[in-house]
Amino acid sequence: MPLADVPISVLVVDDEEPIRNALKKFLTQQGYDVTIAASGDEALRVLQRQKISVLLLDVRMPGRSGIDLVPQVLEAEPTIAILMLTAVNDATTAALCMQRGAMDYLTKPIDLADLARAILRAIRRRDSQIEAANLNQWLKEEVAVRTAELRRERANLERIEHAKHVELA
């Protein structure tokens, strides 16, 4: 089940219509807001129009492969959780997908219980990454504010010290 009250958006990209439809049906029953795309180009158009949290991406498709799509998707949507789907269990391809930023690599036929767990893991990991990025941003801002305060205090102390030297002279 999705972690939040608002349905989590999932984009399923697969060139095989029966797989797209089956995944959409299953994920909709799980409470996700599901959009489907038949190609990499169609997926990029969907990402331009709407905010997607999770992407289920077929590795081998005509035209633009899922492997090539991963960096483009992450450039467009840096916080998206990408799970690769493939009929071919190939360690080299899996490693390449993970290097490029995918969070998981699942082989077809997909066990739906495994898929549900993989999506939850990816969402948790994505949420942790977003939280860490937000915390980092807050810390940077806090350090900048404190540094500016310290500079002002140092300048005040230097003025006071200078004034004392002028009075004593």
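Q: Which residue of β5 does Met-84 stand opposite?
A: This is a predicted model. In it, strand β4 covers residues 81-86 and runs parallel to β5, with 4 bridges joining the two. Opposite Met-84 stands a residue of β5, Tyr-105.

Q: Over how many bridges do β1 and β2 pair?
A: Ser-9 stands opposite Asp-33 in β2. The two strands, β1 and β2, pair in the parallel sense. The number of bridges is 5.

Q: How many residues of strand β1 are buried?
A: Buried means under 20% relative accessible area. Ser-9, Leu-11 and Val-13 point one way from β1 and are buried. Val-10 and Val-12 point the other way, and they are buried too. For strand β1 (residues 9-13) the count is 5 of 5.

Q: Is α2 roughly parallel or roughly antiparallel to α3?
A: The axes of α2 (residues 40-49) and α3 come within 11 Å and cross at roughly 10°. Angles under 35 degrees count as roughly parallel. So α2 is, relative to α3, roughly parallel.

Q: How do the residues of the contact of α2 with α3 divide by class?
A: From α2 come Gly-40, Ala-43, Leu-44 and Leu-47. From α3 come Leu-69, Gln-72 and Val-73. The division is 5 nonpolar, 2 polar and no charged.

Q: Is the crossing of α1 and α5 left-handed or right-handed?
A: Helix α1 covers residues 17-29 and helix α5 residues 112-168. Their axes come within 12 Å and cross at roughly 65°. The crossing is right-handed.

Q: How many nonpolar residues does the contact of α1 with α5 have?
A: Leu-23, Phe-26 and Leu-27 in α1 take part. They meet Leu-112, Leu-115, Ala-116 and Ile-119 in α5. The contact has no polar and no charged residues, and its nonpolar count is 7.

Key:
Residues numbered from 1 in each chain as written. Predicted model: local features only at pLDDT ≥ 70, side-chain atom pairs only at ≥ 80, totals over all residues. Heavy atoms only, no water. Axes fitted to C-alpha atoms, helices over the stretch in contact; angles between N-to-C directions. Parallel < 35°, antiparallel > 145°, perpendicular 65-115°, else oblique. Contact = heavy atoms within 4.5 Å. Nonpolar A, V, L, I, M, F, W, Y, C, P; charged D, E, K, R; others polar. Left-handed = near helix turned anticlockwise from the far one by under 90°. Pairing = 2+ DSSP bridges. Buried < 20%, exposed > 50% of the residue type's maximum accessible area, 1.4 Å probe, protein only.
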